[in-house]
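Subject: Structure handover

Hello,

Here is the structure I promised to pass on. Please open it alongside this message; my notes follow below.

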Amino acid sequence: MSRYHIGFIMEQALGHVTHTKNLRANIAAHPEIDAHWGLVQFEMSGLATRIPGYGNWTLRAGVRARRAVNHIARNTA
């Protein structure tokens, strides 16, 4: 049987948290899928709160999503 490595980059804001939980539960039922999860958190803390422009969710989510993709790529290669 073939195995598929699939990366999921999921925002963790509003209803996306519930969607992520449901998706994870359903994907786990498929033994042919190796799922790799990148959870993009909405909250900011520490130094991030002082970076101009980083409070913009679109910018912040894009940066965090890219980091998640890089992390998955490094750890599955």
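**Salt bridge**

The count of salt bridges comes to one. Bear in mind throughout that this is a predicted model.

The partners are Arg3 and Asp34, whose side chains meet with an N to O distance of 2.3 Å. This pair ties together distant parts of the chain. Arg3 lies in the segment before strand E1 (4-12), and Asp34 lies in strand E2 (residues 33-41). They are 31 residues apart. In general, side chains of opposite charge can pair when their charged atoms come close. The distance of 2.3 Å between Arg3 and Asp34 falls within the 4 Å limit, so the pair counts as a salt bridge. Arg3 is not buried: its relative accessible area is 46%, which makes it partly exposed.

On charge overall, the protein chain carries 9 positive and 4 negative side chains. The centres of these two sets lie 11 Å apart.

Where does the chain come back to Ser2? Look at Glu32: the two C-alpha atoms are separated by 6.5 Å. Along the chain, Ser2 and Glu32 are 30 residues apart.

**The chain as a whole**

The protein chain has two helices and two strands. Their order along the sequence is β-α-β-α.

How does the radius of gyration compare with that of a compact globule of 77 residues? The globule would come out near 11 Å, but the protein chain has 15 Å. Along the principal axes, the C-alpha trace spans about 50 × 30 × 20 Å.

Of the 77 residues, 22% count as buried. The accessible surface of the protein chain is about 5500 Å². Carbon and sulfur atoms hold 58% of that surface. Now take the contacts between residues at least 6 apart in sequence: 57% of them join residues at least 24 apart.

Thr20 is in helix H1 (residues 16-28). Is Thr20 buried or exposed? Buried, with a relative accessible area of 2%. Setting aside neighbours within four places in sequence, Thr20 is in contact with Met10, Glu11, Gln12 and Leu39.

Leu14 is another matter. It is found in the loop between E1 and H1. Its relative accessible area is 83%, so Leu14 is exposed. Check its backbone too: phi is positive, at about 50°, although Leu14 is not a glycine.

**Around helix H2**

Two residues are worth a look here.

Start with Met44, in the loop between E2 and helix H2 (57-76). Met44 is partly exposed, at 28% relative accessibility. Which residues does Met44 touch, leaving aside neighbours within four places in sequence? They are Thr49, Tyr54, Gly55, Arg60 and Arg64.

Then go to Trp57, which is found in helix H2. Its relative accessible area is 21%, so Trp57 counts as partly exposed. The cut-off for buried is under 20%. Again leaving aside neighbours within four places in sequence, Trp57 is in contact with Glu11, Val40, Gln41 and Phe42. Trp57 and Phe42 are 7.6 Å apart, C-alpha to C-alpha. In sequence they are 15 residues apart.

**Where to start**

Begin with Arg3 and Asp34, the pair in the salt bridge. Then turn to Thr20, which is buried, and to Leu14, with its positive phi.

Best wishes

Note on methods
Residues numbered from 1 in each chain as written. Predicted model: local features only at pLDDT ≥ 70, side-chain atom pairs only at ≥ 80, totals over all residues. Heavy atoms only, no water. Helix = DSSP H or I, 4+ residues; strand = E, 2+ residues; numbered from the N terminus. Rg over C-alpha atoms; globule rule 2.2 N^0.38 Å. Buried < 20%, exposed > 50% of the residue type's maximum accessible area, 1.4 Å probe, protein only. Contact = heavy atoms within 4.5 Å. Areas by Shrake-Rupley, 256 points an atom, 1.4 Å probe, with all protein chains shown as cover. Lys, Arg positive; Asp, Glu negative; His and termini not counted. Charge placed at Lys NZ, Arg CZ, Asp CG, Glu CD.
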